[in-house]
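Please look over the sequence and the model shown here before reading the briefing that follows.

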Amino acid sequence: MALRTIRTKEDEILRKKSKEVKKITPRTLELIDDMLETMYDAEGVGLAAVQVGVLRRVVVIDIGEGPVVLINPEIIDKSEKEYLEIEGCLSVPGEQGFVFRPEEVTVKALDRDGKEQIIESKERFFSKAICHELEHLDGILYTDHLVEPSEEQMKEIIRQRKIEQEDEE
Ligand code: ZN
């Protein structure tokens, strides 16, 4: 395993569309391992292959519940209800901004063994990570659709955070 360099927003590769993985080879598995190592090292919760300069549809996510590997992922369902939350990106260091995301998403993808998996996220944080990473595969950064919260929306964000904190206690 090896750490790979995380590309930052000035790098044009981040704007390119990643290609489908046709066959999972030892190189694909090495890429996945390196991506996980790189993501943990950078203390991120998600990483797309393009962020380490590889234009393949591979994503890794770990929101603190263990690694999730998504190959050729596709969102097949999402809740209409969206929420506004703060977001950041390893390729946009030192910045954060507000973005609308669906509360729940269902994603279909291959796992590292090439087996099809359907993952249903009911957790906002996980849904956000899935949407964020999948956008990378199409050359989109969260900074492309930033929202400036109104005073009302800001109050709602703070209220939701309090509920989540109480849930954890
Ligand atoms: Zn990102």
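Which residue stands opposite Glu116 in E7? Leu110 does, in a predicted model where local features need pLDDT of at least 70 and side-chain atom pairs count only at pLDDT 80 or more, while totals for chains, interfaces and linings use all residues. Residues are numbered from 1 along each chain as its sequence is written, and side-chain values use heavy atoms, with hydrogens and water left out.

**Sheet and helix**

- Five strands form an open sheet in the order E1-E2-E3-E6-E7, with antiparallel pairing; strands are DSSP runs of E with at least two residues and helices runs of H or I with at least four, numbered from the N terminus, and two strands pair if DSSP finds at least two bridges between them.
- Strand E1 (46-48) and strand E7 (116-121) stand at the edges with a single partner strand each, so one side of each is left without a neighbour in the sheet.
- From one strand to the next the twist averages 40°, with axes fitted to C-alpha atoms, for helices over the stretch in contact, and angles taken from 0 to 180 degrees between N-to-C directions.
- Strand E6 (residues 105-110) runs antiparallel to E7 and is joined to it by six bridges.
- Helix H1 (residues 26-41) lies across E1, strand E2 (58-61) and strand E3 (68-78), at about 40° to E2, where contact means heavy atoms within 4.5 Å.

**Zinc site**

- Cys89 (SG), His132 (NE2) and His136 (NE2) are the protein donors of the zinc ion, at 2.0 to 2.2 Å from it; donors are N, O and S atoms within 2.8 Å of the metal (3.2 Å for Na, K and Ca), and sites may look incomplete because water is not among the atoms.
- Cys89, in the loop between strand E4 (82-87) and strand E5 (97-102), and His136, in helix H2 (residues 124-136), are 47 residues apart, and the pair links distant parts of the chain.
- Both Cys89 and His136 are buried, meaning under 20% relative accessible area, with exposed over 50% and partly exposed in between (1.4 Å probe, protein chains only).
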